[in-house]
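Colleague: I would like to learn how to read a model like this one, feature by feature. Could you take me through it?

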Amino acid sequence: QMLFVQTNTAAQTAYLSLKEGELILATTYTNYLVKLVHENTGKEYFFIPTVISENERATLLGFDTNVNDPINNGILLTDAGRYAYTIYAQNDPSNLDPSLSLGKIDEGFLEATNGVTYYETPTFNTPSDYIYNG
């Protein structure tokens, strides 16, 4: 799965299917720990995202990429590029150590961009219609 976010921007969101991890771990949990590793630099980030909404099918996570506050859903993400992400389940709202979590439940890639416009609205120069009665 590929996630897309903007670097250095507040209020980023990601939809994931994280509750199926309860089947893998055979336990319930209330919080998540996210680990990001930049593909080129190898720099690691850990943070606890906010669970905006959650059901059996989808979890909506919220986080900021413009502030270094990992316990309160914030990381300072300034390097654009691809990151490998790993999500761990936990019941501790402040643990940033994966070895103290309940276990890994999801992994994939995250693409961080610097203010990229994903599409541009084309401009059309449509010539006027001329009707000749001649």
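Modeller: Gladly; we will go through strands, core, salt bridges and aromatic rings in turn. This is a predicted model, in which local features need pLDDT of at least 70 and side-chain atom pairs count only at pLDDT 80 or more, while totals for chains, interfaces and linings use all residues. Residues are numbered from 1 along each chain as its sequence is written, and side-chain values use heavy atoms, with hydrogens and water left out.

Colleague: Let's start with the sheet. What is the strand order in the open sheet of 5 strands?

Modeller: Some terms come before the case. Helices (H or I, at least four residues) and strands (E, at least two) are DSSP runs, numbered from the N terminus, and two strands pair if DSSP finds at least two bridges between them. Here the order is β1-β10-β9-β3-β4, with mixed pairing. β1 (2-6) and β4 (44-47) are the edge strands, each pairing on one side only. On average, neighbouring strands of this sheet are turned by 30° against each other, direction ignored; for such angles, axes are lines fitted to C-alpha atoms, for helices over the stretch in contact, and angles run from 0 to 180 degrees between N-to-C directions.

Colleague: In which sense do β9 and β10 pair, and over how many bridges?

Modeller: Strand β9 (residues 81-90) and strand β10 (residues 103-113) are antiparallel partners, with 9 bridges. To find one of these by eye, go to Ile87, whose bridge partner in β10 is Asp106.

Colleague: Ile87 brings me to the core. Which residues have the most contacts inside the largest nonpolar core?

Modeller: A nonpolar core is a set of buried Ala, Val, Leu, Ile, Met, Phe, Trp, Tyr and Cys residues joined through side-chain atoms within 4.5 Å. Buried means under 20% relative accessible area, exposed over 50%, and partly exposed in between (1.4 Å probe, protein chains only). The largest core has 22 residues, and Leu36, Leu77, Ile87 and Leu110 have the most contacts inside it. At least two residues come from each of β1, β2, β3 (31-38), β4, β6 (59-63), β9 and β10. β9 gives the largest share, 4 residues.

Colleague: What does Leu110 touch?

Modeller: With contact meaning heavy atoms within 4.5 Å, and leaving aside residues up to four places away in sequence, Leu110 touches Met2, Leu3, Val5, Leu36, Gly81, Arg82, Tyr83 and Tyr85. Of these, Val5 lies in strand β1 and counts as buried, at 1% relative accessibility.

Colleague: And how should I read the two sides of β6?

Modeller: In a regular strand the side chains alternate between the two faces of the sheet. In β6, Thr59, Leu61 and Phe63 sit on one side and Leu60 and Gly62 on the other, and all are buried. β6 has antiparallel partners too: β2, over 5 bridges, and β5, over 4 bridges. Gln12 stands opposite Phe63, and Thr50 has Gly62 as its bridge partner. β5 and β6 form a hairpin with 4 residues between them.

Colleague: Now charges. How many salt bridges does the structure hold?

Modeller: Side chains of opposite charge can pair when their charged atoms come close. The cut-off is a side-chain nitrogen of Lys or Arg within 4 Å of a carboxyl oxygen of Asp or Glu, and the structure holds 5 salt bridges. Lys19 meets Glu22 at 2.7 Å, N to O. Lys19 also forms a salt bridge with Glu54, where the closest N and O atoms are 3.9 Å apart. That pair links distant parts of the chain, 35 residues apart: Lys19 is in the loop between β2 (12-16) and α1 (21-25), and Glu54 is in strand β5 (residues 50-54).

Colleague: Are these three residues buried or partly exposed?

Modeller: Lys19 is buried, at 19%, while Glu22 is partly exposed at 22% and Glu54 is partly exposed at 30%. Shared partners join Lys19, Glu22 and Glu54 into one network.

Colleague: Last, the rings. How many aromatic pairs are found?

Modeller: A pair of aromatic rings is described by the distance of the centres and the angle of the planes. Rings of Phe, Tyr and Trp (its six-membered ring) pair if their centres lie within 6.5 Å; planes under 30 degrees apart count as stacked, over 60 as edge-to-face and the rest as tilted. The whole structure has 3 aromatic pairs. In one of them, the centres of Phe47 and Phe63 are 5.3 Å apart and the planes are at 45°, so the pair is tilted. Phe47 lies in strand β4 and Phe63 in strand β6, so the pair ties together parts that are 16 residues apart in sequence. Both Phe47 and Phe63 are buried.
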